[in-house]
Amino acid sequence: MKQQAWSLGAVPISRRRMLRGAAGVLGVGAVALLTGCARPSKPELVPSDDEVKAAVTVWVVDNAYEPATVEVAAGTAVRWVFDGTMEHDVVAEDGSFVSELVTGGSYTHLFTEAGEFPYDCSIHPEMTGMVKVVAP
Ligand SMILES: [Cu+2]
């Protein structure tokens, strides 16, 4: 008898806790969605220069660019070949070359001006690379 009174009283409290817990989980999800949408990091896609023969190939694997640093002469192209099992992309810090997120295929960019062009993968911050373009 005594125990039943306790459990009757306890049910609404635990139910309230469960609701609050669910609201908390939903809140975290909403924040994650918002940050996902609000993330300004990925600039507009830049079409691949598929018709240009590349001077250098960079392999995009899980989770690295190999080699991470390449040097080419101005007027030549770099081709990235996607060879990982996960999606990756190539995003120049200055937005001058930006590929789609893909698991295969390739992306080519023709470098016309000398300079240093750091880039990374939009979903794997640990994936960083550098294209050094020197005067021909
Ligand atoms: Cu990646």
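Guide: One definition before the rest: helices (H or I, at least four residues) and strands (E, at least two) are DSSP runs, numbered from the N terminus. This is a predicted model, in which local features need pLDDT of at least 70 and side-chain atom pairs count only at pLDDT 80 or more, while totals for chains, interfaces and linings use all residues. Residue numbers start from 1 along each chain, as its sequence is written.

Visitor: OK, sheets. Which strands are in the open sheet with E1?
Guide: That open sheet has four strands in the order E2-E1-E4-E6, with mixed pairing. Its edge strands are strand E2 (64–66) and E6, each of which pairs on one side only. Pairing here requires that DSSP finds at least two bridges between the two strands.

Visitor: How do E1 and E4 run?
Guide: E1 and E4 run parallel and are joined by six bridges. In one of these pairs, Val-58 has Trp-80 in E4 as its bridge partner.

Visitor: What else is Trp-80 in contact with?
Guide: Neighbours within four places in sequence aside, the contacts of Trp-80 include Val-60, Val-90, Ser-99, Ser-106 and Tyr-107.

Visitor: Which residues have the most contacts inside the largest nonpolar core?
Guide: Two definitions are needed here. A residue is buried if 20 or more other C-beta atoms lie within 10 Å of its own, exposed if 12 or fewer, and partly exposed in between, with C-beta atoms placed from the backbone. A nonpolar core is a set of buried Ala, Val, Leu, Ile, Met, Phe, Trp, Tyr and Cys residues joined through C-beta atoms within 7 Å. The largest such core has 18 residues, and Val-78, Trp-80 and Val-90 have the most contacts inside it. Strand E1 (54–61), strand E4 (76–82), strand E6 (106–111), strand E7 (115–121) and strand E8 (124–134) each give two or more residues to this core.

Visitor: How much of the protein is buried?
Guide: Buried residues come to 19% of the 136 residues.

Visitor: Back to sheets. What order does the sheet with E8 have?
Guide: E3-E8-E7-E5, an open sheet of four strands with mixed pairing. Strand E3 (69–73) and strand E5 (91–92) are its edge strands, each pairing on one side only.

Visitor: How many bridges are there between E7 and E8?
Guide: Seven, and the two strands pair in the antiparallel sense. E7 and E8 form a hairpin with two residues between them. Cys-121 stands opposite His-124 in E8, and Gly-115 has Val-133 in E8 as its bridge partner. E5 and E7 also pair in the antiparallel sense, over two bridges, and Ala-92 stands opposite Tyr-119 in E7.

Visitor: Is Met-127 buried or exposed?
Guide: Met-127 is buried, because 22 other C-beta atoms lie within 10 Å. Met-127 lies in strand E8. Leaving out residues up to four places away in sequence, Met-127 touches several residues, among them Asn-63, Ala-64 and Tyr-65. The C-alpha atoms of Met-127 and Val-60 are separated by 9.3 Å, and the two residues are 67 residues apart along the chain.

Visitor: Where does Asn-63 lie?
Guide: In the loop between E1 and E2. The peptide bond from Asp-62 to Asn-63 is cis, with omega near -10°. The bond from Glu-66 to Pro-67 is cis as well, with omega near -5°. Pro-67 is in the loop between E2 and E3.

Visitor: Last one: why does Glu-51 count as exposed?
Guide: Because Glu-51 has 8 C-beta neighbours inside 10 Å. Glu-51 is in the loop between helix H1 (2–38) and E1.

Methods. Contact = placed C-beta atoms within 7 Å.
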